[in-house]
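This briefing is meant to be read beside the sequence and the three-dimensional view. The points are grouped by topic, so that each can be checked against the display in turn.

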Amino acid sequence: MPLTMASAGETKQIKKVGGKEEVRRHLENLGFVTGTDVTVVSQLGGNVIVNVKDSRIAISSEMANRIMV
């Protein structure tokens with residue numbers, strides 16, 4: 001399921017990062033790598049705030065839809 005479907009406080013493991021090559025590379029640089037645990041902190045106004053690799057990152061729901069957990 002896409003990351004946007006996870007509830008706040010839920011920890012999931014990243015199964016796949018989709019999208020074009022440049023989008024995948026950008027997300028991987030932010031820490032969204034297959035096999036990594038990601039915790040959804042909150043979803044506000046179309047943005048998703050997550051904890052990944054000891055960092056708190058806000059990404060758009062469009063980007064979060066490309067991250068499968």
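What follows describes the sheet, its hairpins and a few individual residues.

The structure is a predicted model. Its four-stranded sheet is open, with the strands in the order 1-3-4-5 and with antiparallel pairing. Strand 1 and strand 5 (55-60) stand at the edges of this sheet, and each has a single partner strand, so one side of each is left without a neighbour in the sheet. From one strand to the next, the twist averages 35 degrees.

**Strand pairing**

- Strand 1, which covers residues 11-13, runs antiparallel to strand 3 and is joined to it by three bridges; within this pairing, threonine 11 has threonine 39 of strand 3 as its bridge partner.
- Strand 3 is also joined to strand 4 (residues 47-52), here by six bridges and again in the antiparallel sense.
- Threonine 39, the bridge partner of threonine 11, stands opposite asparagine 51 in strand 4.
- Strand 4 and strand 5 are paired over six bridges, with the two strands antiparallel, and valine 48 stands opposite isoleucine 59 of strand 5.
- In general terms, the strands of a sheet pair through backbone hydrogen bonds, and they do so in either a parallel or an antiparallel manner.

**Hairpins**

- The hairpin made by strand 3 and strand 4 has two residues between the strands, and glycine 45 takes a positive phi near 50 degrees in this hairpin.
- The hairpin of strand 4 and strand 5 likewise has two residues between the strands, and here lysine 53 is the residue that takes a positive phi near 50 degrees.

**Threonine 36**

- Threonine 36 is placed in the loop that lies between helix 1 (21-30) and strand 3 (37-44).
- The relative accessibility of threonine 36 is 14%, and this residue therefore counts as buried, the cut-off for that class being under 20%.
- A polar atom of the threonine 36 side chain lies 2.9 Å from the backbone oxygen of valine 33.
- When neighbours within four places in sequence are left aside, the residues in contact with threonine 36 are Lys12, Gln13, Ile14, Gly31, Val52 and Lys53; Lys53, one of these contacts, is the residue with the positive phi in the hairpin of strand 4 and strand 5.

**Serine 42**

- Serine 42 belongs to strand 3, and its bridge partner in strand 4 is isoleucine 49.
- Because its relative accessibility is 18%, serine 42 counts as buried.

**Methionine 68**

- Methionine 68 lies in strand 6, which comprises residues 67-68, and with a relative accessible area of 30% methionine 68 is partly exposed.
- Although methionine 68 and glutamine 13 are 55 residues apart in sequence, the distance between them in space is 8.6 Å from C-alpha to C-alpha.

How values were computed
Residues are numbered from 1 along each chain as its sequence is written. This is a predicted model: local features need pLDDT of at least 70, side-chain atom pairs count only at pLDDT 80 or more; totals for chains, interfaces and linings use all residues. Side-chain values use heavy atoms; hydrogens and water are left out. Buried means under 20% relative accessible area, exposed over 50%, partly exposed in between (1.4 Å probe, protein chains only). A polar contact is a pair of N or O atoms within 3.5 Å; within protein, one must be able to donate a hydrogen and the other to accept it, and residues adjacent in sequence count only if both atoms are side-chain atoms. Contact means heavy atoms within 4.5 Å. Two strands pair if DSSP finds at least two bridges between them. Axes are lines fitted to C-alpha atoms, for helices over the stretch in contact, and angles run from 0 to 180 degrees between N-to-C directions.
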